Every structure is written in C-alpha cells, then in structure tokens.
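Subject: Structure for you to look at

Hello,

Here is the structure I said I would pass on. Please open it first, then read the notes below it.

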Amino acid sequence: MTSNGGIPAAAVESIHHCLSEICLPDERYSWENARRFTGYAKRLQLVINQFLRLSPDNCSPSVQTALKGIAGDLKKADETLSVYRNKSKIYVLISCRTLCAALQECSVAIGGWLALLDSTLQGNPDLHKKTADLSRDMKQPQLRVTENEERVYCTLQKEGQGRPTTKAVQSAIIMDLARALGTDSENHAELAEQIKILKKDLARSNSVPERRILMSLEKTFDSWSVEPKSAARSLDFEIEEDTHITPFKNFICPLTKEVMKDPVVLESSQTYERSAIEYWFERCIEDGRDPTCPVTGQVLKSLEQKPNISLAGAIEEWLNRNIDSQIKSAVQYLSEDSLPSAECIERILDSICLICEEHPSSRYRVRNAGIVVLIVKLLNNSSKSIGSHLRSKALMVLYSMAKDEESKEKMLEEGATRLAIHSLIGSSEKERENAVKLLLEFSSDEAYCAKMASEKGALVLLSSMAGNLEYPAISNLTEEILKRMERVEENVQHLAAAGRFQPLLTRLCHVGANDVRMEMASLVGRMTLTNSGKEQIARQGTKILVEMLSKPEERKPSLKALYNLSTLYDNATILVDSAIFPALTDILFRVAPSDLKELAAMTLANVVSQPGHWELASADKEGESMQSETIVSSLLGLLSVGSPKCQVAILQILNGIASSPQASESVAAHIKSGDGMMAIISFLEHPEVGHRIYAYRLTRILSERVGLVLANELKRSNKLQLLKDKLLDHQCNDAERSEAACVLANLPLSDDEVKTVLGPGLVRWTVTALKEQRHSSGGRTSRPTLSMMEGFLGLLLHFARSHDPAILNMVREYRLLTIFCEQLGYPSQPRMKQRAALGLKYLSESGRILAGASDSEPPPPNGFCLCLTSIIGRGPKVLAECPIHNALCEEDSQFCLLKGNCIKPLLDTLADEDTNVQIAAVEALSTLVSDNSYCLKRAVDELEQLGVIDAMINLFTEVRPGELQERTIWMVERALRVDSHAQQHSLNQALVRALVEAFKYGNANAKRHAQDALTNLRQISGVGGKNSNQPRGRR
C-alpha cells in the first residue's frame, strides 16, 4: 500500500508510531545511552516530517527501501528502549551490555538508511544537509557502557556465582549499585523497591545467571541493611543518660558500619577501617578492575592508606568512656542482693563478652572491677535458676577473660574449674561447648591441667565426650584437652582410671627409666580395670611386664599387674603368647618370697582356668608343658609347703589343667602315679572353703578318669562316709555338695558298698531332693544346682545297675524308673539326660534278667512280674501280658520300659543334639529286643506300632560311622530278622545305601551287622552258608 503517489504508507505510519513512543522527555530515561538515542530519534523525526512535506511525490525505489528500513530498525530500537522505560534500573544494569549493543546496531542501521534517502535529495540543499549530518552521527553513535555501570555489571555477575563475601564488600557493592542507579546508598527504601521490581521482572525468566544474581543481591542487601550491634556500643539496658555517648557519624566505617578500630585515609580523603578497605581492594584486583573508593566511586591511582591518627584518638577516648560506664553498670547490677531479670543478665553478659573480644586491652578493667568473681559467683549460687542459656553465656565470658592470666588465676581460686566440669553435662550443646572451651584455655598450663584432673568426674566426662562423634566440634576440643593433660605426669593415674591408658602404656613400654616402669606396673596392679581396659593394657604391655619378671627389683609390681590382667579370660592367649609360663613357674618352683609365689600361682590359675589357650605352650625353660609329669609333680609338692593362699591357687591350677580335654588324662595319670591323690584328698576337710571347693572339683575330675584308684584311696582313708555326710549336710554350700554327689556317682561301688555306704536312706533323700529341685527351679536352674542334680542321678545309677534283691526292692519302692523317665523330659544338661537314659537301660536289663530267671523255673500263675513282687514283698497288682517280656507285667512296672511309659520319652531323646545322649537312648531301647525268635517277632511288632523301628532306621540313615552307628545298626538288624519287616523295608533305598556305607566304612561290628541286615533284605546272599536269622550276640 502507498500514499502520495507511491510512498509506502505502512512504513510511514510505523515510523511515526515508533518515534512518538521513543521521543519522550529526558526525565523518562535515566540512562545516558537511552537519552542519546532519543536525541537522534528527535532529529530523525524532523527530517522525516520535512521530507514528506517537501517531496511528497518522490516515490523512487530508493526512497521506498529507505523508509521501510528505517521503520524496521526503529521498531527494534523502540523494543530496546522500552526496557529502559519499563524495567527496573537493576535489570538495565544486569543487561547494560546487551542493551547498549542493540541500540548501537539500530543506530548504525538507521544511519545507513538515511544515507540511501539522502541520495534522492540533491534538489533540496537544506534537507540534504540535515539528512547527511544525521546519517553521519548515527553511523558513529556515542553509545557506551559507563565505567561505573561496567563495574557494577561485572560485580553482580561474579557475586551471582556464590563466592564468599564480607560486610565490607557488601557495603561497597551497594554503594556502587546506588551510584549506578543514581540514588543515595542510605536510601534503603529506594534500593529495596528496585530489588522488588527486579524480582518481578525476573519472575518468568528462565535464565539461571539472572536468578543467581537476584538471590545474591537479595542476600547482600538483607545483610548490609542490618545495623551491627557494635555500632551502638551500649549495654542497652537502663543506665544514667550521661554515662553513654553515642558515636559520631565519622567514627563509623562506611563499609562495616561499625566504629573503626584502625581508621585509614585514602587519596580520595575518605576514611575507612583498614581491614575492610584492604579486603575491598583485594576483591577489585581479583575481579580484574581498578580499585576504587567505595563512597565516591573514584578510581584510585594509589592504594596508600594513611592512619587517621586524630580520629583514632577520638574513637579511643570515646570507647574508654563507654567501656568504663558499661563495666560500672554491669558491676552495679551483678552486685545487687536480688538477682536481676534474665533479660538484664543476658545483656550484661553480651556486653562484657563484646568488650573482651573486640578490645582485649580492656580485659584488665573487667578483671579489676571484680566482674570475673561476680560471674563465677553467679554460676555457683544461681546456676539452676538462670538456666542453660545464661550459663552458656557466662561460660563464654569466662572463656574470653581466661586469656588474661591474672583473670585465669582468679577463676581457678573461685572454683571455675568445677563449675565448667559440671556444665559438661549441661542440657544445651552450646553450654557444653563453652565449658569445653574454658577448660581448654585452663589446660594451657601444666599446673592447671593437674588441678582439672583432680576434680571428681572430670576425666570420665571428658573421655566420654571425646569419643562422641554426634558432636564433632566438642569432641575435637575435648580430645585436645586430654592430649594436653596426658603430658602431665601427675595425671597418668587419673587418666587411666577414666579409661585413657595410652599415657600409662607409653611410660611403661617406651620410657627407659626403671623407676617409671615400676611405678606404671604398680599402677596397673592396684587399679580396678574394666574388661576393655584389661584387654588394651594386655595387648600393649604384657611383653614388657613379663620381661620385668627377670629383674628382682621389678618382679613384685609386674606380678601384681599381670595378675590383674589375668583376671580377664580373653587375655589368656595374650599372656601365653608372651611366654608368661616359664617366668611364673621359675618364681613358683624356686626360692622366692611367699607373697611372690602366691601372686605367680594365682596368675597361673587364672590363665589355665579355661582350656584351649595354653596346652601346647612351654611351662618352663626346659620346654615342659603344664600337663607334664614334671610340672604336675612340682605343683603337688608345693601343696604341703606353700602358704594357704599358695595352696588354694595350686589346687586351682591343678583343677584348671585337669579340666582340659587335651590334658585331663595325662594329669590324672601323673597324680595317680605318686602321692598326689592323698595330698588332694587331705584338702577335702580343710577349714577354708576355697581349699575344699577346689579339692572337691579336682576329686570329681579324678573320679571320671581314675575312679577305681580314687575309690581305693577313699576307702583306705575312710573318706567315703565323708562324701555322703557332705552331701547330706544342708549347712554346707551347694558347690561342695554338688561335687561330692558327682564324686560318689562316678566311683565304682560294689552292691555291698551301695547298700552299706549309700543305703536306703540316701536313695530316699536323693529322690526327694530331685523332686524338690525340679519343682523349685521352674525350668531355670543354676549351674551348681544342675551339677548337683547330675550327681543325684549318678547316685541312683548305682542302684539301677545292681541286681541285688534288696536293692531291687529299693528301686521298686522309690520308683526309680519313673524318676529317670521324668528327667528325659526335663530341659537339663545333656549329661543328665544321658544318665537318665542309662538308668532306664539298666532297669530294663534287670527286668529282662528277672524275666529269664522266671522262665527257667515253673511259671507262676501270674507271670514273671509276680515273681518280682514276691521278691520285693508287695501284693499282686493288675497284670497284663507284655509283648516285650512275653509274660504278664504289672501296669507302671519299674522294670519294664513299655509298661512304665518310657518308650515315647526315649524316642524324643533320639533327636537330641548331643551324640552321647542319643547313644544312651539307643542302648535303652535296644534292651527291648531279644534273640529269641518268638519273643523277637512280638517285640518288633510292638515297637513298630510305637514308631521305634522307623525312628531307629531314620537315625541310622543319618548318622556317620562311629559308636552311634554301631548301636543303631544292631537294633535295625534285629528288626530286619523278622520277615514281614524285612519285606516292608526292602525297597527303602535310603536304608540300603546306609547299610552299604556301613558295610564299607564301619568298624568290625558295624560291618557284620550291615552284612546280616543286607542279607535279610535279600540284597546279598548269606556268607559262609550261615542262616541270616541265626541268633548272634548283641555286641
């Protein structure tokens, strides 16, 4: 579309519209670039209007192209200028480079279009000149980013990267920003408004750098606009008006907004705090720009800083007057009889702390005014009432004042150490931290360290805090305190008592002086140590302690230390590996003071108290082991000549080495070979309990290994009755009674001795005691009680083994079969279950013997059990034919496992984890099967119904070669002699495989029984023409 004979109307209209938007008063543009471009636009407006008025018919192609070009670039310029008009000033600063470049591009482009338009104006000299001049100026526009704008732009870009800053830098940035915005840096409202507008401008911005700049600027402004507390320098509570002078404005650093401590003057004549302006200079150089004066923005030619001496003097005078007034007011309030309010106390403490930290030279004034003593008294008298927060602040003041040596001495005199230690358990982390800081300050002097260590509970609390990783800052500070305290010789014992053994170990192991080593060893010997402490010292100090045994003067303290360490079972291996045995036996078996012999014996006793650590170690310099005849004989020799303490320790040693599975047999043999047996037996009547207990324990071990020899010695010395009397003595301790019961149970006794020594009274007492123990324990039994019950069962086994009619009468009367059966279902030791199963085995064997005896005589009218009743003198009971004995048995018979309801408990016992218990149960069940063909079939049929045969087969298929396999295969082979059962199990592949394995790898008996069983299953042919059903012996 064209107008006036061909001039493009749209382009002209666009030019007029854009020029009307652009050509606004200068007040609308705050930026020089925008105003300069607007000046060009106003001249352009005059040229365009004059051209259209004077050359309305000029519609050449050049004119049309020029006007369209001018319209397009004006539109772009209008868009750029709208940013200057509508966006925040800070946004313009952030975008100053981009905006300047855009205006520059538009100006140059319009200048080019004007040159094209000028080429058509040769007939109009005036318009031609105006157009040519404007074209020239716009092609070379004077648009640039000012130095201040450039500086602010770079600063904001770098601050947006999140680098660390300071109050001084923040102030300088705000001053530069305010200067660039054309406002006063003190005009907080205007700056805040510009930041608010910037935030609105960037609300929909997707630029990460712009967002970062906004966040950094908000943070900087918020921090800068906060007035620091130090600016006022007043206590901020009611004092006399004339005691406080408000600081003059020139006292305040423009950057830090705080009263200056070291004022310096720049070449711009502006005064700043030295550290603040130096930091600002460093930041300028880091950013690659010339350092400037923050207030004036002047680029500095020199970075020289001249001290403002007169101003510094005025500030110092002002500070001194105000500090004096604040100290005076603080003393006044803290000295009042009634405690000031919490708010008042907090302000006082904050003010004093500020004085001490920011003006260290004024600490003497605080001290001389007595404030240190007043704060200590405040903590001492009102600790609970002021609360953790104020205690924390009070400790912080004391910590600051402790940097003054005289103040520190005052604190220690007034008991500040104790108060700080008490605050280690304060309710707030800050209180604990400040208490630790104060103690750290105290620990800088060795004398103070010793005083701290002597305070009750100090080291325990510090040690626990040092290892608390939940609060690493406190932990590190505490660790530093303890390291300082470790350097003080007097603190070694206190530190060790608190669980820090390294100072002690260092002096023990690495310090060359003998007296120091002896002192440390003595300390270890007399301390009450935790288990972890004993282990730590043993791991690091045992070798040196053992070496000390070779030196007579060091022997006693090292022995005491080693004895203390040996009381921990886990240290036995460490002590043995350190070759402690030869050193101890050398003291024990050679001429030495009795107290050293006692210590050596007690230490040895502790080491050998548990097996597994010492059996292979050399016990003397000749390489003999502890269980060797030489060592055992030497120990027995000491029993008659040693002191009472040494004797009980020797008995303990013998008990320990005899308890080891690896050493027990040889030790028992060595004791048996000499007079050791009588020497040990003589202690059974010793007046001291300790001697008797270890003598009884050792006697029990000997009864298990050399029972016959021991029985003869006891009979020869008339001590059998002693064992019985001990067992029946309720005044005696349980440990002795249980050991006496076990010894009697283990001794081989004849039927006559069972009747005369033990007798019916002991049976009755034992049965009653077993029942009482079972009902009183409720399933939970102590170790001595279990041992005693084991002994009781062993005593009853003497009666169960016997076939003497009088003893059988006691068996029936006291129902021993029922007693043994009940013990199988009781959650007791495996040894007790084993003895109970053996008791059932013996009673069942007695029943079969009695049944065989009745078969050899004319059968009584009511079967063999009637014969039994005639033997034991009881009247007949209800009888029923027993498939096991093939005779009539009374219900609840004490010699028949079937009628006594013992089959099910024995089957349950087959699943026990202890192999010895399983063997005893199999042996008891094996008594139910005989070699008689008729009796065998009836018994096997009955046992099959009760599940015994299947249980035995299952057990056999699971066990490995050994005694249990031999016992189970015997019964399996007997069951397979019955054709019906052999046919039933012939297809049991697991059974066949187990029998084949037993035939290949079992012992002679197992192989023979496996061969017979496989023959019965028709898996192999009979060997040697023997009938597979031919009766064989049980074993």
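Where is the place of D445? D445 sits in the loop between α18 (429-442) and α19 (446-454); helices here are DSSP runs of H or I with at least four residues, strands are runs of E with at least two, and both are numbered from the N terminus.

Two notes on the source. This is a predicted model, in which local features need pLDDT of at least 70 and side-chain atom pairs count only at pLDDT 80 or more, while totals for chains, interfaces and linings use all residues. Residues are numbered from 1 along each chain as its sequence is written, and side-chain values use heavy atoms, with hydrogens and water left out.

Negative patch

D445 is partly exposed because its relative accessibility is 33% (buried is under 20% relative accessible area, exposed over 50%, partly exposed in between, with a 1.4 Å probe and protein chains only). Together with E409, E413, E414, E446 and E490, D445 forms a negative surface patch (patch residues have over 30% relative accessible area and no salt bridge, and like charges are joined within 9 Å; a salt bridge is a side-chain nitrogen of Lys or Arg within 4 Å of a carboxyl oxygen of Asp or Glu). Helix α16 (residues 405-414) gives the largest share of the patch, 3 residues.

Aromatic rings

There are 3 aromatic pairs in the structure (ring centres within 6.5 Å; planes under 30 degrees apart are stacked, over 60 edge-to-face, the rest tilted). One of them is F248 with F251, edge-to-face at 5.3 Å centre to centre and 85° between the planes. F248 counts as exposed because its relative accessible area is 52%, whereas F251 counts as buried because its value is 4%. F251 also pairs edge-to-face with W318, at 6.2 Å centre to centre and 70° between the planes. This second pair links distant parts of the chain, 67 residues apart: F251 is in the loop between α10 (208-225) and β3 (263-265), and W318 is in helix α12 (residues 309-334). Both F251 and W318 are buried. F248, F251 and W318 make up one aromatic cluster.

Positive phi

Most residues other than glycine have a negative phi. K257, in the loop between α10 and β3, has a positive phi near 60°. K257 counts as buried because its relative accessibility is 8%. A579 is not a glycine either, and has a positive phi of about 60°. A579 lies in the loop between α27 (572-577) and α28 (580-589).

Regards

Notes: Patch = residues over 30% accessible without salt bridge, like charges linked within 9 Å, V, L, I, M, F, W, Y side chains within 5 Å. Areas by Shrake-Rupley, 256 points an atom, 1.4 Å probe, with all protein chains shown as cover. Lys, Arg positive; Asp, Glu negative; His and termini not counted. Charge placed at Lys NZ, Arg CZ, Asp CG, Glu CD. Phe/Tyr/Trp six-rings, centres within 6.5 Å; stacked < 30°, edge-to-face > 60°.
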